[in-house]
Amino acid sequence: MTYDTGFVVHGRISREHFDPAVVRRELAIIRDDLHCNAVQIIGGDPDRLELAAGAAAELGLEVWFSPYPLELAPEQMLTLFRDCAERAERLRRQGATVVFVTGVELSVMSRGFLPGENPEERVEQLLSRPELRAEAMRDIGVRINAFLRDATATVREHFQGQLTYSSIQFEQVDWTPFDFVTYELIRSAEVADHFREAVRTLARGPKPLAITGFGTAAYRGAGDRGGRVLEVVEHDPETKAPVRLNGVYERDEAGQAAYLSELLEIFDTEGVDSAFVFLFALPGYPHRPDGDPRNDLDRAGLGIVKLLEGRRGQTYPDMEWEPKAAFAAVAQRYRS
């Protein structure tokens, strides 16, 4: 399971409230009720990452320590990785099983690899000239691998555990310095017919295969959109915070549950070593069942729980969220 401690973009953090007691309680639910044995702790604040990772380790969970750099330049990322590597090593020396994740989708999520002021502009730049795409991807591969050589060297100075990087396939990562091959692998309608075969091929590699970043939302048709699932959300032009949906989308919790169950079955039977559902809860996407359905941001949220505004849930009366159908589907898959 992937657990979000808050994304940091331009000094703003997506998870406003971060109560250590709530964090520990949620991680215990992830272990006990979802039957997870490993958790990927993501976010941009090193203090929060260390606190959540420590809580997970105390619960006996394997920890994938994953600083998530957004809109950072290469030198800023190295500074973040250095800090987090020291924290991850302290945890590892206390007896925890820790894997350090040296970034996520850096070519589109960070600066210095593709032109553009945000991920949407970078992807658009990459796809706008089909005749130059192959050359552009080769250039990205060169830049990404040059940076990852520096990043792994920096992390290795402070962290003695296992390393990986959460990549997009077109980045053409050289996996030599890493212990796991890790892909952000999302099924869309365009690739559904050969998705299982692609996973099988990737799992045949010489190193263990991990899959991160896979998930979908709870509106009808979301699973067909793949990585474009959040395109239905309108954002505040200044803060970039989600405001509303750009139309009326039918709520479909069963569709989200089926999508995750199907992917977990594929990963299990085709030889994937580790798989991390994206994600437990996504702050900023509250469930608003009354009124205009465009205000129910949870329909587009990728969390397997729906966040409640100012009230507690029924299943877990001490938590301000309620499980979605996907929660039960993941729990059933992991229990078996």
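Tutor: A salt bridge here is a side-chain nitrogen of Lys or Arg within 4 Å of a carboxyl oxygen of Asp or Glu. By that rule, Arg251, Glu253, Asp296, Asp298, Arg299, Lys306 and Lys324 are linked in a network of salt bridges. Keep in mind that this is a predicted model, where local features need pLDDT of at least 70 and side-chain atom pairs 80 or more, while totals for chains, interfaces and linings use all residues. Numbering runs from 1 along each chain as its sequence is written, and side-chain values use heavy atoms, leaving out hydrogens and water.

Student: What makes Arg288 and Glu309 a salt bridge?

Tutor: Their N to O distance is 3.0 Å, and the cut-off is 4 Å, so the pair counts.

Student: Why is Asp252 called buried?

Tutor: Buried means under 20% relative accessible area, exposed over 50%, and partly exposed in between (1.4 Å probe, protein chains only). Asp252 has 13%, so it counts as buried. Arg220 has 48%, so Arg220 is partly exposed.

Student: How do you know whether Thr102 is buried or exposed?

Tutor: Thr102, in strand 6 (residues 98-104), has 0% relative accessibility, so it is buried. Leaving aside neighbours within four places in sequence, Thr102 is in contact (heavy atoms within 4.5 Å) with residues including Phe81, Leu148 and Phe178.

Methods
Helix = DSSP H or I, 4+ residues; strand = E, 2+ residues; numbered from the N terminus.
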